[in-house]
Amino acid sequence: MADSVTSLIGRWRDGDAAALEQLMPIVYSELHRIASGYMRSESPSHTLQPTALINELYLRLAASGSRDFHDRTHFMAIAARVMRSILVDHARARGAAKRGGGKVFVAINDELDFTPERAGTVVALHEGLEALTRSDEEKARLVELRFFGGMTAEEIALVQSKPVRRVRSDLRLALAWLHREVAG
Amino acid sequence: MTPDEVGRLFEAALDLPPHDRASFIEKQTPDPELRREVLSLLAHDAKAESFFDHAIRSAATSVENALHLPAGTIIGHYRIVSLLGRGGMGAVYLADRADGLFEQRAAVKIVSCGAPEYAQALVQRLEQERRILAQLSHPNIARLYDGGQTSTGLPYFVMEYISGVPIDDYCRTRNLSRNDRLIPFLKVCDAVQYAHRNLIVHRDLKPANLLVTADGEPKLLDFGIAKILGPNQADPAALSTRALTPEYASPEQVRGDPITTASDVYSLAAVLYLLMSGSGPHKLDGLSPLDTVRTIAEVEVPPASTVDPTIPRDLDAILTKALRKDPERRYRTVDEFASDLRRYLEGRPVHASPDTLLYRIGKFWRRNWIACTAAVTVLAIVLGAATAAVVQGRRADRRFADLRRLSNTFLFDFEESIRQLPGSTKPRQLVVNTALTYLESLAADSTSDPTLTRELAAAYLKVGDIQGDTGGPNLGDIAGALRSYTKAKQLLDQVGDATASQPDRLRLYATVAGRITGVHLWSADLQKALPAAREQVELTTRLLESDSANTETIRTATAAYGALSDILARSNDLTGAKDLRLRTVQLLRNESTRHPELKANLAASLSQLGTVYEKLEDFNNAIASLRESIAVLEGLLASGTPSVQNRRQLMISYSRLGTILITPKTAPPEARREAEQLGFKAYTIARELAEADPANARALSDLMATAARYAHNLLGAGEYPQAVGAYRTAVQHAEDHVRRDPNDREARINRALTRGYLGEALLKSGDTTQALAERQFAAKEYAELAAASPDDSRIAAAQAWNLEGLGHVYLRLGDLASARRQAGDGIRLADRFIAADPANRALKSYRDDLADLQSEIEKKSARTR
């Protein structure tokens with residue numbers, strides 16, 4: 001399994017778009033599995049950290065495979081996208097539930113729940129990113145890697161062969177632009 | 001103002017302290033718009049990072065919260081009390097009935113992992129399985145009350161709450177003696193056997209799912225849940241998401257192979273091993289996941305007496321037999337396992353005996369399943385490199401010949417050797433496609449070589465077989481198969497083999513012609529099938545004259561007679577069909593004394609002869625033919641290796657005999673009981689075959705058909721609630737088939753048929769409301785199917801039958817106007833088709849039934865007035 005994930009990553013890196021489609025469901029369900037594993041083993045106050053999750057996911061899926069840095073960073077890029085969709089899908093589903101959409105069997109106690117505003121934020125960030133992708137795809141990708149993939153500016157710089165300084169300032173510009181879009 | 005200008009200025013300003021930035025920008029540009037833009041972005045920069053960081057953290061927290069429900073949360077009719085535990089798949093909560101209708105404690109399991117599509121698929125599977133599982137009513141099985149989807153889209157189950165301890169803890173804390181431990185264990189076996197009889201496999205038997213209550217009653221949890229949660233076996237990506245309890249998982253489970261009732265036998269035995277010896281059958285602590293899988297799949301379980309020398313030999317033998325790697329070699333049922341344990345308790349001799357030398361090949365395959373797959377890949381690479389070299393070098397004759405030999409060895413020997421192994425359809429496809437690619441590139445290089453042309457034709461024949469040989473394991477690509485067979489025939493026509501005098505050439509040609517007939521027959525295209533079959537019979541008769549001693553020739557000839565007989569039967573020439581079948585049976589009876597390898601063909605022909613007799617309503621001859629067929633097959637299976645073909649043939653003969661036994665209205669009760677048993681035996685074989693080879697489309701269709709026939713037999717035996725359950729199983733298989741290929745007309749017809757029958761069984765068991773829903777669904781489906789094929793009399797007959805059934809449901813409900821409408825529609829439909837084909841017996845009998853319905857309606861109408 002680890003081999004097939006590694007080879008899928010390799011194929012995707014070499015431009016095979018179908019490999020990404022095969023990879024996504026694997027990453028998606030593994031990420032969920034690890035998330036629930038966390039809930040089981042960690043203390044109740046533990047907060048689910050996207051970055052830590054993705055790192056663990058990589059170790060798990062590609063453990064015996066390549067130690068190639070490029071494979072790892074490409075994997076991170078996929079995982080970032082998956083993490084983004086997990087968070088956004090979840091926030092949207094909750095939003096829909098609150099509006100009374102879908103079959104309602106569960107009335108969740110609001111006290112422990114996140115507020116609708118916050119739930120809205122991740123969706124708004126996602127939508128802002130979509131808008132940014134249309135005008136400047138490269139910068140949108142930086143944000144995705146940094147926030148959903150948990151990569152540092154140094155790592156991004158290395159994988160994209162850019163000066164760290166350039167990555168940092170592009171990120172800040174993108175974030176400022178997004179913040180203005182999202183928070184007004 | 002360009003984005004680049006904005007970027008450059010923004011970046012430069014970032015280096016300055018915030019209060020110096022405004023004046024810096026003013027100095028850099030006179031453009032007011034650019035100044036405003038950069039200043040605005042700089043103002044947002046300060047808050048942006050922490051804002052998004054927070055947003056994402058809280059979104060992650062909400063995912064987390066969704067994994068843990070607070071007390072008081074309402075799920076369906078239940079209110080969460082507390083968390084009982086978490087597993088890889090989600091959490092289990094203690095819950096109380098919330099609507100106050102009655103007091104009930106329950107365990108609510110919420111499945112909280114997977115992508116939305118996955119959750120959706122789970123909910124669908126849950127819906128399908130829930131009704132079947134809810135029927136499981138046994139004192140030692142925890143009930144499944146309810147299930148559904150939470151508002152966040154997560155699937156959940158509500159189960160009977162059991163207050164108890166795992167069976168191993170129970171035995172240990174009470175310090176039970178070895179024999180006393182068997183008492184709760186045997187109750188567990190009875191419960192599992194009860195579920196197997198209801199066609200439900202547990203799939204995750206382990207101490208944590210076998211709780212013992214304070215008064216010593218064992219209770220089985222989570223029956224059938226593992227199947228709902230388990231990965232879709234047709235999807236290789238799902239392998240990565242398999243959650244296992246490896247200590248008790250069977251070898252086939254860890255390999256990702258299909259699960260059968262034999263897997264439950266293994267898991268039960270693994271639990272018993274623990275109860276008897278104090279440790280599990282394998283030492284898995286500290287092993288990597290890969291080594292865990294290898295250990296369970298390949299390492300023989302050491303006799304329990306090596307762990308605890310006081311374990312008696314008979315108990316050792318029982319455990320060893322139940323823990324065999326090969327599911328075929330374990331106890332065939334949990335009952336047999338339990339009976340042997342009872343014999344041990346009573347001090348009588350047990351049936352378990354030490355390993356024999358049989359099944360070596362199967363063992364080899366099992367041990368080498370990784371190596372075999374690798375061999376295919378390596379050969380493919382070698383062939384690929386060799387082909388390139390030859391084609392580039394143009395006519396390096398010797399190497400060319402070598403390569404051809406290699407391709408052929410690969411294609412025929414290797415393919416043959418794995419053909420009858422369960423689960424080999426996909427590897428076979430890989431083998432054949434690979435070899436074919438190389439042969440084709442060689443053929444392109446030398447089109448004038450007749451031997452090569454024949455080899456290529458043989459390769460196309462093989463490819464066609466794997467795509468859609470309707471007489472063997474195949475991938476269900478009928479159109480692709482026809483293309484391949486046609487290509488083979490064209491190639492053979494090029495070299496003039498249709499009129500060849502050499503038996504080998506004629507035989508290959510006849511085989512290809514036979515396959516083409518088979519495809520037309522499968523697609524119910526009688527107009528194309530009839531001339532193809534006549535050509536085939538003509539060819540093989542000629543072949544038989546020159547080559548009568550060859551068993552291959554005899555097989556080819558009997559296949560041709562069989563195909564033509566089948567077509568004649570479908571064209572209502574039953575006497576012609578019977579004569580051909582009798583001729584075939586006679587030929588095979590004679591030849592199989594000299595060539596025992598023809599016995600399987602004899603059994604198949606006898607079964608088909610039985611079917612023709614059945615259609616002629618000559619039931620005594622039909623029953624005699626089928627009994628002879630079963631005897632031949634049971635003899636074959638008892639003496640030889642269990643081939644897929646022979647097991648499937650036995651399945652067909654069991655199933656047909658069952659149906660025929662209850663067809664006469666005067667069938668005695670013992671015939672009805674025998675029919676029910678035969679139906680179950682047939683379904684069990686179908687299930688084993690389908691689970692052993694999930695990629696095989698024919699196995700799926702067999703599964704649906706045997707389940708439906710089993711249900712028919714139950715209905716015929718008057719076992720209405722059981723018939724409802726069996727029809728639901730059939731419906732589920734039919735739905736699976738439609739999902740697999742939504743455009744498959746046959747699959748949709750089968751679904752409509754099984755749902756209509758389910759309606760029938762529901763009506764008979766008194767559930768009129770659900771009966772109405774099923775019959776209405778079927779009616780809608782038939783209307784659509786009939787609109788697409790307005791001249792198909794088979795669909796018309798089924799539609800008429802269903803209208804009659806629907807009319808009966810309305811009649812029962814007292815809705816006479818609707819009942820009258822169905823009866824009228826049905827009679828008009830039947831009349832239209834009977835006018836075109838006055839010999840159509842099925843439609844005439846449905847028309848009679850519809851007329852009866854009409855008079856019943858009028859009688860009732862007169863009474864109510």
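Predicted model: local features only at pLDDT ≥ 70, side-chain atom pairs only at ≥ 80, totals over all residues.

Trainee: Among contacts in chain B between residues at least 6 apart in sequence, what share joins residues at least 24 apart?

Mentor: In chain B, that share is 63%.

Trainee: How many helices and strands does chain B have?

Mentor: Chain B has 34 helices and nine strands.

Trainee: What percentage of the residues of chain B count as buried?

Mentor: A residue is called buried when its relative accessible area is under 20%. By that cut-off, 53% of the 865 residues of chain B are buried.

Trainee: How should I read a single helix?

Mentor: An α-helix has 3.6 residues a turn, so residues three or four places apart point the same way. Consider helix α30 of chain B, residues 745-764. From first C-alpha to last, its 20 residues reach 29 Å, close to the 28 Å expected at 1.5 Å a residue. After α30(B) comes B:G766, with a positive phi near 95 degrees.

Trainee: At what angle do the axes of helix α7 and helix α8 of chain A cross?

Mentor: The axes of α7(A), residues 153-160, and α8(A), residues 164-183, cross at roughly 115 degrees and come within 8 Å. On the α7(A) side, the contact is made by A:A153, A:E154, A:I156 and A:A157, and on the α8(A) side by A:V164, A:V167 and A:R168. By class, this contact has five nonpolar, two charged and no polar residues.

Trainee: Is the crossing of α7(A) and α8(A) left-handed or right-handed?

Mentor: The crossing of these two helices, α7(A) and α8(A), is right-handed.

Notes: Residues numbered from 1 in each chain as written. Chains lettered and ligands numbered in written order. Heavy atoms only, no water. Helix = DSSP H or I, 4+ residues; strand = E, 2+ residues; numbered from the N terminus. Buried < 20%, exposed > 50% of the residue type's maximum accessible area, 1.4 Å probe, protein only. Contact = heavy atoms within 4.5 Å. Axes fitted to C-alpha atoms, helices over the stretch in contact; angles between N-to-C directions. Left-handed = near helix turned anticlockwise from the far one by under 90°. Nonpolar A, V, L, I, M, F, W, Y, C, P; charged D, E, K, R; others polar. Expected span 1.5 Å × (residues − 1).
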